[in-house]
Amino acid sequence: MAGNEESLLKKDAQPLKPLILSCPNCQGAVTLLAGNKSLVAVCSSCGSTLDTADQVVKVIDKNKKSRPIEQTLEIGMKGKFHGHTWQIIGFMVRRDKSSHFKWREYLLFNPRHGFRFLTEAEGHWNWVVQLHVEVVDSRTDAQAMGKTYQVFHRGTAIVDYVAGEFYWRVKVGDTAKVADFINPPEVLSKEVTDGEKVWAIGEYMDVKTVENAFDPPVSLRIAEGVAPNQPSLLQNDMSKIWTAFFLGMAVLVATQFFTAMTSKKQRVAEIEGSFTNGTGQPALEQVSEPFELKGGRSAAEIALYATVDNDWFSGVGTLTNVKTGETFEVETGVEYYWGTAGGEPWSEGDNRSTTTLYSIPEGTYRFSFQPNGSGNHVPKTFRVALIWDVTLWANFWYGVIAVALLPLIAGWRRQAHELKRWSESDYAPAWAKGMEDEE
Amino acid sequence: MNQKDFFSCPACGAEVRFQTSVTVTSVCTYCASVLVRRDIDIESIGKVAQLLGDVSPIQIGTRGSFEKTHFDIAGRAVYSWSEGFWSEWFAKFDDGRSGWLVEAQGFFGMCFERHWETKKTYLSLGQKVSIEGHGSFEVSDIKKNSCVFVEGELPFVPALKTPRTSVDLRGPDSKFATVEQDSIQLFVGAWVPFDNFNFHHLRELDGW
């Protein structure tokens, strides 16, 4: 049995209060929200950066800089993130040495859960925590926690502005070698200062999440461009899009299969004849015997065959409803040309053709055909048949194109998004470099 | 199993207890004298000043669990180095083991003293060390530090304000190790998220 709990408890335990020190420069009050965990604090009255690690507070930088307008969260604010309350205790602005790109870092504190960072760049936010796990990094990537992160940026970061307090020694002008590796929505950051290596992992946080973490909610700027570790576009929707695509295709194929299987393709009428152009006599219109078209409204096909030899032939096919007199007329024809050019044979067209008559209602009909033209004066024989209840393919293909557009457009948008992401990096993979060269 | 030894503080006369068989140091809760048990008598080795700005949520009497075994916090040693402070809380486990709850830069970890075969005392930054049963570790930090504050009961006699050198090592997953160069000791443990300890009797914090 462990020792008696009551006797182990400190009898006069007081609730802890933040530590208040006196600024050696201006004697203003400096409140340390993280108590003896903070090593450095910036006096809010005179702007001096103070070393608060020892009993004796020292001034390490008197350089007071004006508050950057891009600071959107205040020291002292409390917000709820990942189920716990965090207080903003520090703020800094850092700049990349070569590109002068600036970003902002807010230090958050919770006495039980320690320290976290909220970083902001171009309106994009990351929730960052220092890592204690093993990271293996190379020139191109970093491996940690079973995941691979691609190198995105290497550079030197310079501190431009500090406010509040920090748990490490920092002042304006300090530099650190940094490297960022991405695996959206995460970013793995390495920071080397005086030989000491520190790793941190950041997770992309939506602007709305940051805004609503505070009470009352804050209003933050709209994000610009694509952040290095911003989640890929439509990441969560792709499985839905592909499901919709496959379902759509399945429905289309099944429907078409069923339609094809059940269409009767009945040859209901046939007309034969011959035609010669240039006889001066009008061609005879030939009419078939009456026939029944059953099974509701459907499509019919006129199949034409003619003995054209480097020639063309055309005529008008008419379907007449015996009872109502309603007619369906269509021009149909064939053309076939052939020869040799430079020893190579060629041909164009065919002596067979099919023409579709759409949406014919059931009923009793006659089919008639009137030849009306031909190229040369050679007599040609023709055979024309009317086929009832044929399978239509046009709608099926329109459907396939429409359904395929879903993943196609999504894929195109995702690709454009990825190109935008890598356009900000010197380490873009080969497939993303094309855009860079064009610019 | 536990000896309940009662003594009178030689400085102020208050009652001083040594609650476990392994503790040799107990800090008087009234006058903050650091008292060491020597056979049948206790001796004061100095006093400690109040720890200013302490925002730790842990206190003497906090109960938690690590790898399914419960422990009680019986004592604390605070160390100071060039980059601030850290605390090592003495954890007395229900199964009799002694562990150390490390609180550093807001992170918590639990470690235990381990037998060290290669008594290699002089390690350099970046050096790789293999610790049997735990894997390969890399030296991440070599810190000159000293004990500046103690409270509760401890299983050792603290060398107050005496410099010593601690070597920190980073291991696989979230493991860490510390080598105390002067006392030639090895501690191996892991960093654990605060919630995983399931703490009870935490210290109250104003405003939190």
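## A salt bridge on chain B

Let's begin at Glu138(B), which is partly exposed, with a relative accessible area of 25%. The model here is a predicted one, and in it the side chain of Glu138(B) meets that of Lys128(B) in a salt bridge, at 3.1 Å from N to O. Lys128(B) lies in strand E11 (residues 128–131) of chain B and Glu138(B) in strand E12 of chain B, so the pair ties together parts that are 10 residues apart in sequence. Lys128(B) itself is exposed, at a relative accessible area of 56%.

Chain B also holds a network: salt bridges with shared partners join Asp54(B), Arg76(B), Glu151(B) and Arg203(B). Another pair to look at is Arg97(B) with Asp95(B), a salt bridge in which the closest N and O atoms are 3.1 Å apart. Both partners fall in the middle class of accessibility: Arg97(B) is partly exposed at 31%, and Asp95(B) is partly exposed at 44%.

Over all chains, the count of salt bridges comes to 31. One of them joins Arg104(A) and Glu120(A), with the closest N and O atoms 2.6 Å apart. This pair links distant parts of the chain, 16 residues apart, with Arg104(A) in strand E8 (residues 102–110) of chain A and Glu120(A) in strand E9 (residues 114–121) of chain A.

Are Arg104(A) and Glu120(A) buried or exposed? Both of these residues are buried. For contrast, look back at Lys128(B) on the other chain, which is exposed.

## The overall form of chain A

Chain A has 5 helices and 26 strands. Its radius of gyration is 40 Å, well over the 22 Å that the globule rule gives for 439 residues, so chain A is more spread out than a compact globule. Along the principal axes, the C-alpha trace of chain A spans about 120 × 60 × 45 Å.

Of the 439 residues in chain A, 45% count as buried. If we take the contacts in chain A between residues at least 6 apart in sequence, 63% of them join residues at least 24 apart.

Leu247(A) is exposed, with a relative accessible area of 54%. From Leu247(A) to Thr259(A) is 12 residues in sequence and 18 Å in space, C-alpha to C-alpha.

## Where the chains meet

How many residues of chain B are in contact with chain A? There are 49 on chain B, and they contact 46 residues of chain A. Between them the two chains bury about 4,300 Å², with 55% of this area on carbon and sulfur atoms. Val55(B), Arg170(B) and Trp208(B) supply 16% of the area that chain B buries against chain A, more than any other three residues.

The interface has its polar side too. There are 7 residue pairs in polar contact between chain B and chain A, counting pairs with both residues at pLDDT 80 or more. On the side of chain B that touches chain A, the elements giving two or more residues are strands E7 (69–81), E8 (84–93), E10 (107–114) and E12 (135–154) of chain B. Of these, E12(B) makes the largest share, with 4 residues. By class, that side of chain B divides into 16 nonpolar, 16 polar and 17 charged residues.

The rule finds 2 salt bridges across this interface. In one of them, the side chains of Arg169(A) and Glu83(B) meet at 3.3 Å, N to O.

Lys37(A) sits in the loop between strand E2 (29–32) and strand E3 (40–42) of chain A. Why does Lys37(A) count as buried? Its relative accessible area is 15%, and the buried class takes in residues under 20%.

The side chain of Lys37(A) reaches that of Glu103(B) in a polar contact of 2.6 Å. Leaving aside residues up to four places away in sequence, Lys37(A) touches Phe109(A), Pro111(A), Phe115(A) and Tyr167(A) on its own chain, and Val55(B), Ser56(B), Glu103(B) and Gly106(B) on chain B.

Conventions: Residues numbered from 1 in each chain as written. Chains lettered and ligands numbered in written order. Predicted model: local features only at pLDDT ≥ 70, side-chain atom pairs only at ≥ 80, totals over all residues. Heavy atoms only, no water. Contact = heavy atoms within 4.5 Å. Buried area = accessible area lost by both parts, 1.4 Å probe. Salt bridge = Lys/Arg side-chain N within 4 Å of Asp/Glu carboxyl O. Polar contact = N/O pair within 3.5 Å; in protein donor to acceptor, adjacent residues only side chain to side chain. Nonpolar A, V, L, I, M, F, W, Y, C, P; charged D, E, K, R; others polar. Rg over C-alpha atoms; globule rule 2.2 N^0.38 Å. Buried < 20%, exposed > 50% of the residue type's maximum accessible area, 1.4 Å probe, protein only.
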